[in-house]
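Reader: I have a model open and would like to learn how to read its features one by one. Could you walk me through it?

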Amino acid sequence: MTPPEYTYPAGALAFPHRGLTGIAGLAPHQIWFLLDEAEQWVEMNRGAQKRVELLSGMTIINAFFENSTRTLLSFEIAGKRLGADVVNMAVATSSVKKGETLIDTAMTLNAMRADAIVIRHASSGAVQLIADKVDCPVLNAGDGQHEHPTQALLDALTIRQAKRAFNGLRVTICGDILHSRVARSNILCLASLGADVRVCAPPALMPADIEQMGVTVFHDFDAALKGADVVMMLRLQMERMEGQFIPSPREYRHLYGLTLDRLELAESNALVMHPGPMNRGVEIDSNVADHVERSMITTQVEMGVAIRMACLDVLTRKGRKMEGWA
C-alpha cells in the first residue's frame, strides 16, 4: 500500500506532467501513483481477458532509433492491450538514415497527430528535444546514458510486489554504473521511495561524484552484498566503451560476478534482479539468474507491461478528456 505520507491528490494533480522523460523531477507521491495505477494491469494481464478498449481510436508511435527487443515488445503489447493502434517506426529504413535531423523527424511525427510517442535514442537528451517539439505526450524508452524511467518504475513495482515497503530497504546495484541509464533512473526512483541504495563497480566504471545522488559507493562487491535485500546486476555495455575499462570478462566475473556462493553474503531472502539482456557467466551465473525462489528477472518483464500500460493510460487521460484530467 502507498504510505500515508505519499498519498496523492485527485485527478491531474496526481500526475501533472505532460510526458515521462525521466524520473528526475518526479515527486515521491507521483511515483507511488504510477505504481498504484499499474497494479490493476498486473491483475488483468494474469487473467484470460487481456484487452480493454480504453485507448480505442488512439494512435501510439514507437520510434526506436536504437535497437531493442524487450522494451519495444513491451510497449507494443502495452498499447495493444489498452486498445490503441500501435505503429512501430522502422528507423533502419527511415529518413533518419538519409541525413534527416532529429528536429525534422520530430516535426514529421507531430504532423501525423499521434496521441503518444515512445522514443528510444542513443543520445542523451534526444528524447527531451523531441518532446519539446511535439504536441502529444512523449515517453522515454531510454536515451543514451541519461535515463530509462519505465525500467526504474517496473523494477520498483517488482520490488514492491515482493517486499511491500521501501523504507530502509538495502538495494545493491552492481555493474557498469558509468554507462547505465538504468542505474541512474533506479537510483533516483528507489532513493525517492526511501530505499538505501548502494552502487558497486570497478573504479573505471563508477561515475565521478555519484555520492551526490545519495548512494553509498563500493568497489568491493562482497562488502556491497552484506545485508542486501535486493541485488540488481547490470551488464557491461561494451558498445559504449571506448578504450580498456576492465582487464578481461573473466577477471571481471571473478571480482564482480554474482555467483551462488556470493549471493550467500546478502540477506537470506534477497531478491536478484537484472534489466537484461544478461551476459550469463560474466556479471551473473545461470544458476543465480534462474534461481526459482530468488530471481525476479522474469517478473521484471511481466511488470514492464503493466507499468507501461499505466503510463500510457495516465498520459493520455487529458487527450481522452477524462473528468479531472481535461
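Reader: Let's start with contacts. Leaving out residues up to four places away in sequence, which residues does R294 touch?

Author: This is a predicted model, and R294 touches L263, E267, S268, N269, A270, L271 and V272 in it. R294 itself belongs to the loop between α10 and α11 (297-315). Its C-alpha atom is 9.8 Å from that of L263, a residue 31 places away in sequence.

Reader: Is R294 buried or exposed?

Author: R294 counts as buried because its relative accessible area is 10%, and buried means under 20%.

Reader: Which residues does UniProt list under "binding site"?

Author: The unreviewed UniProt entry places that feature at R70, T71, R120, H148, Q151, G276 and P277. The lining of the largest pocket includes R70, T71, R120, H148, Q151, G276 and P277.

Reader: Let me take one of them. Where is Q151, and what does it touch beyond four places in sequence?

Author: Q151 sits in helix α5 (residues 149-163). It is classed as buried because its relative accessibility is 6%. Outside its sequence neighbours up to four places away, Q151 touches V182, P275, Q300 and R308.

Reader: And which side chains make polar contacts with the side chain of E66?

Author: There are two to look at. The E66 side chain makes a polar contact with the side chain of R120 at 3.5 Å, and another with the side chain of R181 at 2.8 Å. E66 lies in the loop between β1 (59-64) and α2 (70-81), and its relative accessibility of 17% is why it counts as buried.

Reader: Now backbone geometry. What kind of peptide bond joins G276 and P277?

Author: As background, most residues other than glycine have a negative phi, and most peptide bonds are trans. The bond joining G276 and P277 is cis, with omega about -10°. G276 is in the loop between β9 (271-273) and α10 (286-289), and P277 lies in the loop between β9 and α10 as well.

Reader: What about phi: what value does R113 take?

Author: R113 is not a glycine, and its phi is positive, near 55°. R113 is exposed, given its relative accessible area of 72%. D209 gives you another case, with a positive phi near 60°. D209 is placed in the loop between β6 (196-200) and β7 (216-218), and it counts as exposed because its relative accessibility is 52%.

Reader: Since we have reached α3, how do I read the sides of a helix?

Author: An α-helix has 3.6 residues a turn, so residues three or four places apart point the same way. In helix α3 (residues 102-111), the buried residues include L102, T105, A106 and L109. These four are on the same side of α3 because they cover an arc of only 100° around the axis. On the face turned away from that buried side, α3 carries the exposed residues M107 and A111.

Methods
Residues are numbered from 1 along each chain as its sequence is written. This is a predicted model: local features need pLDDT of at least 70, side-chain atom pairs count only at pLDDT 80 or more; totals for chains, interfaces and linings use all residues. Side-chain values use heavy atoms; hydrogens and water are left out. UniProt positions are given in the numbering used here, feature names are shortened, and annotations may be inferred rather than shown by experiment. On a 1 Å grid over the protein atoms alone, a cavity is a set of points where a 1.4 Å probe fits but cannot get out, and a pocket is an open set with protein on both sides within 12 Å along at least five of seven lines; lining residues have an atom within 4 Å of a point. Helices (H or I, at least four residues) and strands (E, at least two) are DSSP runs, numbered from the N terminus. Buried means under 20% relative accessible area, exposed over 50%, partly exposed in between (1.4 Å probe, protein chains only). Contact means heavy atoms within 4.5 Å. The arc is that of the directions from the helix axis to the C-beta atoms. A polar contact is a pair of N or O atoms within 3.5 Å; within protein, one must be able to donate a hydrogen and the other to accept it, and residues adjacent in sequence count only if both atoms are side-chain atoms.
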